[in-house]
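Subject: Handover of a structure

Dear colleague,

Please find the structure below, followed by an account of what was found in it.

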Amino acid sequence: MLKINNLTKYYKDVLGVEELDLELKKGEIFGFIGPNGSGKSTTIRCVMNLISKTSGEIYFNDNLLTNKSIDYKNNIGYLPSEINLYDDLTVKQMIEYSNSFYEKDCLKRADYLIKKLDLDTRKKIDELSLGNSKKLGIVLALMHEPQLLILDEASSGLDPLMQEVFYELLLEEKAKGTTIFFSSHVLSEIKKVCDRVGIIKNGRLIKIEDIKEMSKNNFQIITVVSNEIDKISKDILFISKTEDTIKFIYKEDANKLIKMLGKYNISKLTIEEPSIEEIFMHFYK
């Protein structure tokens with residue numbers, strides 16, 4: 001569906017992305033993950049031909065994309081990380097205007113998405129909150145039922161309940177055979193909906209992994225508050241340590257963790273998902 005060969009983009013002397021090779025399968029949700037500034041948006045903007053690449057080739061449905069390739073965008077839904085629309089239009093007017101771009105009528109599909117996302121179409125765009133702007137962006141990206149859906153930090157700004165609705169919509173699209181390129185810096189949402197994940201760091205794709213394999217690693221960040229930190233630190237490889245607190249990455253059986261910590265006086269224990277930066281620092285150097 002989408003194939004990227006040796007993609008390189010420099011902003012004068014500043015590296016955006018270098019020698020990136022990537023291929024998306026039809027009907028999969030591919031997570032594209034990395035810290036802010038890692039090259040995710042640069043890659044996506046090159047695919048969308050919003051910026052010129054320094055070198056490399058991009059294919060959509062086996063067709064080489066060039067600066068003159070325009071028609072392929074009819075089959076792509078794109079949601080950028082920052083949404084800029086016509087502020088003086090209402091949501092309804094913006095959707096109708098977007099509908100005019102396509103040969104088919106997309107308003108029935110748009111109505112379905114509007115109801116799912118609980119979007120008020122009477123408001124003007126300049127009156128929308130960040131979350132409602134993102135909802136509108138989702139409607140515009142999905143309403144024409146594209147073959148390829150490209151999402152750049154799509155869930156940012158949505159409240160937790162609406163994020164779950166958004167994930168349901170992605171799974172509905174996948175069931176229809178839509179290929180989804182899902183860029184994020186949040187590991188938990190990538191693990192929730194994606195089939196495979198590509199990890200990008202400093203402009204270079206460093207790993208592609210099946211999400212099931214990544215989930216088997218079951219990385220967790222453990223934070224322990226105790227008056228016996230010096231003793232606890234002898235048993236583990238820690239990330240950080242203070243007089244009464246220690247933080248470390250753990251991926252073994254939870255019962256082993258409980259047994260190990262049970263020897264000490266623990267006043268507080270916190271278990272959380274690691275950030276992408278923490279995974280990079282300790283597992284993908």
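Strand β12 (residues 240-241) is joined to β13 by two bridges, and the two run antiparallel. Helices (H or I, at least four residues) and strands (E, at least two) are DSSP runs numbered from the N terminus, and two strands pair if DSSP finds at least two bridges between them. Within this pairing, K241 stands opposite I246 in β13. The two strands form a hairpin, with three residues between β12 and β13. Strand β13 (residues 245-250) is also joined to strand β11 (residues 220-226), by six bridges and again antiparallel; here I222 stands opposite F248.

As to the source, this is a predicted model, in which local features need pLDDT of at least 70 and side-chain atom pairs count only at pLDDT 80 or more, while totals for chains, interfaces and linings use all residues. Residues are numbered from 1 along each chain as its sequence is written, and side-chain values use heavy atoms, with hydrogens and water left out.

The next item is a lysine. K135 lies in helix α4 (residues 130-142). K135 is buried but has no salt bridge, and the nearest side chain of opposite charge, D118, is 5.0 Å away. Buried means under 20% relative accessible area, exposed over 50%, and partly exposed in between (1.4 Å probe, protein chains only). A salt bridge requires a side-chain nitrogen of Lys or Arg within 4 Å of a carboxyl oxygen of Asp or Glu. A polar atom of the K135 side chain does lie 3.0 Å from the backbone oxygen of L117. Leaving aside residues up to four places away in sequence, K135 touches L117, D118, L119, L158 and M162, where contact means heavy atoms within 4.5 Å.

Two residues deserve a check of their backbone angles. Most residues other than glycine have a negative phi. E19 counts as exposed because its relative accessibility is 55%. N202, in the loop between β9 and β10 (204-210), has a positive phi near 55°. N202 likewise counts as exposed, at 54% relative accessibility.

Strand β9 (residues 196-201) contains I199, which is buried at 3% relative accessibility. The C-alpha atoms of I199 and F238 are separated by 24 Å, and the two residues are 39 apart along the chain.

Finally, the disulfide count is zero, a disulfide being a pair of cysteine sulfur atoms within 2.5 Å. C106 is buried at 1% relative accessibility, and C194 is buried at 5%.

Yours sincerely

Notes: Lys, Arg positive; Asp, Glu negative; His and termini not counted. Polar contact = N/O pair within 3.5 Å; in protein donor to acceptor, adjacent residues only side chain to side chain.
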